[in-house]
Amino acid sequence: MAGLRVGHATRVGDGWLTGTTVVLAPEGGAVAAVDVRGGGPGTKETDALDPRNVVRGVEAIVLTGGSAFGLDSATGVMAWLEERGRGVRVGPDPLHVVPVVPAACVFDLGRGGDFRARPDAGTGREAVEAAAADPVGAPVPEGCVGAGTGAAVGMMKGGVGTASTVLDSGVTVAALVVANAAGSVVEPGTGALYGELVQGLLARPSEEVHAAARAGLAEAAERNTVPPLNTTLAVVATDADLSKAQAQKLAGTAHDGIARAVRPVHLLHDGDTVFALATGARPLPADDPLALNEVLAAGADLVTRAIVRAVRAAGSVEGPGGVWRSYSELYGQA
């Protein structure tokens with residue numbers, strides 16, 4: 001997505017299995033909105049994104065591990081932005097700014113072995129510095145990186161995934177997901193990924209492969225002491241020129257993409273949260289009030305695709321905090 005950059009900070013080893021991911025907007029910010037569907041969210045500054053409120057755009061969005069403790073990583077991002085005069089101007093000096101940095105967290109506490117090993121302001125600064133240094137157009141690292149480092153989906157390893165498309169109108173839509181759900185991403189009877197089935201990819205694993213995978217997951221579950229909690233996070237972005245209300249609609253419909261790929265979803269102990277960003281580079285047709293529909297449909301589809309990529313890109317993890325087998329190890333890459 002032109003104008004947006006992504007940076008990860010990853011912590012692994014010595015009790016750590018967590019990290020932070022930052023989506024950095026172009027200087028001057030991007031229109032932003034959010035839709036929270038999970039019953040147990042951990043978020044920061046989401047009220048500022050309500051279309052009724054004054055803040056129109058944000059400079060960055062933070063996705064982080066560490067549950068509510070990890071939200072402190074947004075402080076490091078705010079400090080980095082303040083040093084550059086990026087934020088809401090509140091005084092006569094150009095540096096009199098308050099950066100608005102919405103954030104959401106996933107639960108990964110203790111998965112590396114140390115319950116107190118979680119992201120902080122330093123992790124956030126590292127992630128935003130990585131985003132700022134990211135070359136324009138560079139591919140986003142996926143799998144067990146950033147906020148997806150300690151992610152799990154059911155009893156399997158989760159992670160970070162991305163997807164994007166260019167619509168016939170020329171508008172670009174993209175999604176970045178942190179897949180860390182209490183629900184499952186696989187069809188119980190076959191082991192096929194829900195997200196691939198809804199895309200029409202109907203090839204299922206053989207019965208032998210599925211049986212071996214189920215045995216491997218059961219063995220891993222016996223060794224795990226950390227519960228499979230919670231939360232799928234996503235940022236859906238477009239270069240379309242959207243209002244805050246339109247961006248909020250995009251965030252809301254993008255949750256359909258989670259529901260297609262994860263079952264069950266939006267439970268009381270989930271914190272499922274979707275942010276939307278619009279850079280405004282391409283106006284929607286003024287004479288077509290339904291032009292937004294194409295963007296909305298794409299956002300949901302891309303979230304599904306990004307969850308599939310997150311699960312397939314993740315690698316197995318075994319350590320003092322538990323064992324999480326990757327889908328690719330259990331079922332193969334095909």
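Biologist: Why does Arg260 count as partly exposed?

Modeller: In this predicted model, Arg260 has a relative accessibility of 29%. Buried means under 20% and exposed means over 50%, so 29% puts Arg260 in between, as partly exposed.

Biologist: What makes the contact of Asp301 with Arg260 a salt bridge?

Modeller: The closest N and O atoms of Asp301 and Arg260 are 2.8 Å apart. The cut-off is within 4 Å, for a side-chain nitrogen of Lys or Arg and a carboxyl oxygen of Asp or Glu, so the pair qualifies. Asp301 lies in helix H6 (residues 292-313) and Arg260 in helix H5 (residues 244-261), so 41 residues separate the partners and distant parts of the chain are linked.

Biologist: Is Asp301 buried, exposed or partly exposed, and how do you know that?

Modeller: Asp301 has a relative accessible area of 40%.

Biologist: Why is the pair of Arg204 and Glu187 called a salt bridge?

Modeller: Here the closest N and O atoms are 3.0 Å apart, and the limit is 4 Å. Arg204 sits in the loop between helix H3 (194-197) and helix H4 (207-223), while Glu187 sits in the loop between strand S13 (172-179) and H3, so the bridge ties together parts 17 residues apart in sequence. Arg204 is partly exposed, since its relative accessibility is 42%.

Biologist: Which class does Arg52 belong to, and what makes it so?

Modeller: Arg52 has a relative accessible area of 74%. Exposed means over 50%, so Arg52 is exposed. Arg52 also forms a salt bridge with Asp50, with the closest N and O atoms 2.6 Å apart.

Biologist: How many salt bridges are there in the whole structure?

Modeller: The search finds 13. Some residues form a network of salt bridges: Glu83, Arg84, Arg125 and Glu129 are linked in this way.

Biologist: How do you know whether the radius of gyration agrees with that of a compact globule?

Modeller: A compact globule of 334 residues would have a radius of gyration near 20 Å, and the protein chain has 19 Å, so the value agrees. Along its principal axes the C-alpha trace spans about 65 × 45 × 35 Å.

Biologist: What share of the residues counts as buried?

Modeller: Of the 334 residues, 55% count as buried, which means that their relative accessible area is under 20%.

Biologist: What is the make-up of the chain in helices and strands?

Modeller: The protein chain has 7 helices and 17 strands. Among contacts between residues at least 6 apart in sequence, 78% join residues at least 24 apart.

Definitions and conventions
Residues numbered from 1 in each chain as written. Predicted model: local features only at pLDDT ≥ 70, side-chain atom pairs only at ≥ 80, totals over all residues. Heavy atoms only, no water. Buried < 20%, exposed > 50% of the residue type's maximum accessible area, 1.4 Å probe, protein only. Helix = DSSP H or I, 4+ residues; strand = E, 2+ residues; numbered from the N terminus. Rg over C-alpha atoms; globule rule 2.2 N^0.38 Å. Contact = heavy atoms within 4.5 Å.
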